[in-house]
Amino acid sequence: MPRDAGFDLSEDTRALQDVARAFARDVLAPNAEDWDQRRHFPVEEMRQAAALGMAALYVREESGGAGLTRLDAAVVFEALATGCPTISAFLSIHNMVAWMIDRFGDDAQRAAHLPDLIAMTRMASYALTEPGSGSDAAALTTRARRDGDHYVLNGAKQFISGAGVSDLYLTMVRTGGEGPGGVSALLIPKDAPGLSFGANEKKMGWNAQPTRSMIFSDARVPVTALLGEEGQGFRFAMAGLDGGRINIAACSLGGAEAALERALAYVQERRAFGKAVADFQATQFRLADMRTELEACRALLWRAAAKLDAGAPDAATFCAMAKRFVTDTGHRVADEALQLLGGYGYLADYGIEKLVRDLRVHRILEGTNEIMRVIVARQMLGRR
C-alpha cells in the first residue's frame with residue numbers, strides 16, 4: 001500500500017497507519033481465512049485493537065476517545081482491511097455507534113456506555129434496516145410506544161451486524177407519525193425484556209461477523225434510553241451514515257489493495273510459455289489500471305473525509321460519491337486480481353476469493369450504490 005498516495009499525511013497519522021498495518025499483518029491476516037470458514041467472530045482480537053485505541057477513533061478525547069479526524073479513521077480502516085475487511089468493517093460500525101453516543105448523547109449516557117465501548121468490553125451494533133425498509137429508511141415501522149417511564153417496542157430489524165453478540169444496539173424506531181420526523185433513536189441493551197434474535201444468516205461473505213435479525217415483542221427499555229429527543233433519530237442516522245460510508249469505502253480500498261498485492265506477487269513467480277506472467281504486456285496493462293484505479297479511489301475518499309471533517313455543505317454528497325466509486329472499484333479490482341491467478345484465484349488457499357466475497361456486500365450496505373447515485377443527482381439538480 002502506498003504510504004501517503006501523494007498527500008501530506010501528518011507524522012501522527014503515518015504512525016497510526018503503521019500501527020494498524022502491523023495489527024492487520026500480525027493478527028488479522030494470519031487468521032482471516034480460518035475465521036471465515038468457521039464463521040468465528042474474533043472478539044478477543046478486536047479487544048486487542050481496542051487497546052490500541054481503535055474502538056473509539058473519533059470519539060472526543062475528553063470523553064476518553066482518540067479524538068482523531070475522519071481522514072485519520074479512513075487511513076486506519078483501510079490498513080486494517082488489508083488483513084480482514086470483515087473485521088475492519090465491524091470495528092467501523094462499533095466506532096460509529098460510540099461516536100453517535102458521544103455526539104448526540106447526554107452526560108449520563110456517555111458515562112454509562114463509553115468507557116466499556118472504548119475498551120470493547122462491551123460491543124455495539126447499529127440497527128436501522130428492517131425487512132420491509134432497506135434503502136427507504138424513513139419508512140421504518142418498528143414502533144416504540146411510551147408507557148410511563150418506559151418505551152414498549154414492537155417490530156423487527158434485519159441484517160444487523162453483530163446481532164446476538166453485541167451488548168448495545170443503537171436502534172432507530174418510530175415514536176411519532178410517518179416519515180423522517182417520526183423517527184427516534186434508542187440505546188437498547190442485549191438483555192432488554194422482549195428482545196430476541198434470529199438465526200445467524202448464511203451469507204456470501206462477511207462470515208467472520210454474525211448477521212441476525214432483531215425481534216421486538218413488547219420489548220421494554222427505560223425512557224433514559226432515548227438518544228437526544230424524540231423525532232431526532234433520522235437526522236442522527238444520516239449523520240452516522242455519512243461517516244459510515246467513508247469507513248466502508250476505506251474497507252473496500254484496503255481489501256482491494258490486499259488482493260492486488262497477492263496478485264502482483266503471483267504473476268512475478270508464475271511462468272507461462274517460457275516466461276513470467278508479469279512479463280506479458282497484457283498483464284502489465286491490467287496491473288497498471290488496477291493501481292491507477294485504487295489511487296483514484298484514495299484521492300476521492302480522502303477528499304470526502306476532509307470535507308466531513310471540515311463540515312463542508314457538500315460533505316454528504318462527497319461521502320456518497322466516495323462510497324459508490326470506491327466500493328464498486330474495490331470489488332472490481334479484487335475480482336481482476338482473482339482473474340490474474342486463474343484457477344488458483346478461485347481456491348480458498350490463496351485468500352483472494354474471500355476478499356471478493358467480502359467486498360461484494362460493501363456495494364449494498366450503508367446505503368446501496370444506487371441510492372448513492374440518487375443523493376449525488378439530487379444535489380446536482382438542486383432537489384432534496
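**View 1.** Apart from residues up to four places away in sequence, R245 is in contact (heavy atoms within 4.5 Å) with C319, K323, E366, G367, M372 and I375. The model is predicted: local features need pLDDT of at least 70 and side-chain atom pairs pLDDT 80 or more, while totals for chains, interfaces and linings use all residues. Residues are numbered from 1 along each chain as its sequence is written, and side-chain values use heavy atoms, leaving out hydrogens and water. R245 belongs to helix α7, residues 233-269; helices (H or I, at least four residues) and strands (E, at least two) are DSSP runs numbered from the N terminus. R245 is buried and has no salt bridge. Buried means under 20% relative accessible area, exposed over 50%, and partly exposed in between (1.4 Å probe, protein chains only). A salt bridge puts a side-chain nitrogen of Lys or Arg within 4 Å of a carboxyl oxygen of Asp or Glu. The nearest side chain of opposite charge to R245 is that of D242, 4.0 Å away (Lys and Arg positive, Asp and Glu negative; His and chain ends not counted). The R245 side chain reaches the backbone oxygen of E366 at 2.7 Å.

**View 2.** N247 is another residue of helix α7. N247 counts as buried because its relative accessibility is 1%. Leaving aside residues up to four places away in sequence, N247 touches Y58, F77 and S92.

**View 3.** G162 sits in the loop that joins β3 (150-161) and β4 (168-174). With a relative accessibility of 0%, G162 is classed as buried. Beyond residues up to four places away in sequence, the residues that G162 touches are F90, S125, Y169, Q209 and P210. From G162 to G65 the C-alpha to C-alpha distance is 22 Å, and the two are 97 residues apart in sequence.

**View 4.** Helix α10 is mostly covered, with eight of its nine residues buried. The buried residues of α10 are I352, E353, K354, L355, V356, R357, D358 and L359. Their cover includes α2, α5 (85-104), α7 and α9 (315-340).

**View 5.** D18 and R21 form a salt bridge through their side chains, at 3.6 Å from N to O. Both residues are in helix α1, three residues apart, which is about one turn of the helix. D18 is partly exposed, at 31% relative accessibility. The structure holds 25 salt bridges.

**View 6.** D147 and R220 are joined by a salt bridge whose closest N and O atoms are 3.1 Å apart. This pair links distant parts of the chain, 73 residues apart: D147 is in strand β2 (residues 143-147) and R220 in strand β7 (residues 211-222). D147 has a relative accessible area of 33% and is partly exposed. R220, at 32% relative accessibility, is also partly exposed.

**View 7.** A salt bridge of 3.7 Å, N to O, connects the side chains of E293 and R332. Here too the pair links distant parts of the chain, from helix α8 (residues 281-310), which holds E293, to helix α9, which holds R332, 39 residues apart. Relative accessibility is 26% for E293, which is partly exposed. R332 is partly exposed at 38%.

Methods. A polar contact is a pair of N or O atoms within 3.5 Å; within protein, one must be able to donate a hydrogen and the other to accept it, and residues adjacent in sequence count only if both atoms are side-chain atoms.
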